[in-house]
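Biologist: I'd like to learn how to read a model like this one. Could you take me through it, feature by feature?

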Amino acid sequence: MADGTLHDAFLDELRDSYDAEKQLTKALPKLAKAATSPELRAAFEHHLEETRGQIDRLEQIFGLLDEKVRGKHCDGIAGIIDEGKSVMEEDFDEATMDACLIASGQRAEHYEMAAYGTLVAWARGMGHSEVANLLQQTLDEEKAADRKLSQLAEGGINQDAADAAHAEEENEIKAATPARAGRGRSSAADAPKRSRR
Ligand SMILES: [Fe+2]
């Protein structure tokens, strides 16, 4: 008969998160390096520091639970990091690259928010209140990091990328139809739809 309990599943998820945070300490410096916006670079660097603190917090949690500090390969975050790596290999303009780095970073944050949300709920359910409080601190940091990335995207980076995309469309229209050059900005309706990939 199967005898694994929620406590076993909880330890498994903690090990998964521990490994995910370790993977992120290697990925975040790459995101920071690829960013053009100084604010975006600072946001990734700040979250790298937080991530190191989150690793310490998980080690403290294993101690409180009387368990060995051990990670278990997190396939989910590995996949998200791999996707982020392929984005960085693309030949995007600076604003578009920043917008894509934010998209990659937010995928990681949302994955972690889901994981820590579950961990907090399970810890509370099993009466591990001190552990739950520590996990809640990490969950709050992940949510704040996600909000910061949204602020940067909505505070100019997405618009800069969109403006660059439209400027490029306009040049293409002028090159393709010289008779229309000088008529000013074309309407969105007659701008050709084009995909970057
Ligand atoms: Fe994290």
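Modeller: Let's begin with the metal. Along the sequence, the residues that donate to the iron ion follow the spacing E-x32-Q-x57-E-x29-E. Keep in mind that this is a predicted model, where local features need pLDDT of at least 70, side-chain atom pairs count only at pLDDT 80 or more, and totals for chains, interfaces and linings use all residues. Residues are numbered from 1 along each chain as its sequence is written, and side-chain values use heavy atoms, with hydrogens and water left out.

Biologist: Which atoms coordinate the iron ion?

Modeller: Donors are N, O and S atoms within 2.8 Å of the metal (3.2 Å for Na, K and Ca); water is not among the atoms, so sites may look incomplete. Here the iron ion has Glu21 (OE), Glu21 (OE), Gln54 (OE1), Glu112 (OE) and Glu142 (OE) around it, at 2.0 to 2.5 Å. Glu112 in helix 4 (residues 94–125) and Glu142 in helix 5 (residues 129–176) are 30 residues apart, so this pair links distant parts of the chain. Helices (H or I, at least four residues) and strands (E, at least two) are DSSP runs, numbered from the N terminus.

Biologist: Is Glu142 buried or exposed?

Modeller: Buried means under 20% relative accessible area, exposed over 50%, and partly exposed in between (1.4 Å probe, protein chains only). Glu142 is buried at 0%, and Glu112 is buried too, at 3%.

Biologist: How many aromatic pairs are there?

Modeller: Rings of Phe, Tyr and Trp (its six-membered ring) pair if their centres lie within 6.5 Å; planes under 30 degrees apart count as stacked, over 60 as edge-to-face and the rest as tilted. That rule gives 1 aromatic pair. Tyr18 and Phe62 have ring centres 5.8 Å apart and planes at 90°, so they sit edge-to-face. Because Tyr18 is in helix 1 (residues 6–34) and Phe62 in helix 2, the pair ties together parts 44 residues apart in sequence. Tyr18 is buried at 7%, and Phe62 is buried at 0%.

Biologist: What does Leu40 touch?

Modeller: Contact means heavy atoms within 4.5 Å. Leaving out residues up to four places away in sequence, Leu40 touches Ala35, Asp98, Leu101, Ile102, Leu149, Leu152 and Ile157. Leu40 belongs to helix 2 and is buried, at 0% relative accessibility.

Biologist: And where does Asp66 lie?

Modeller: Asp66 is in the loop between helix 2 (38–64) and helix 3 (75–88). Asp66 has a positive phi of about 65° although it is not a glycine, and at 72% relative accessibility it counts as exposed.
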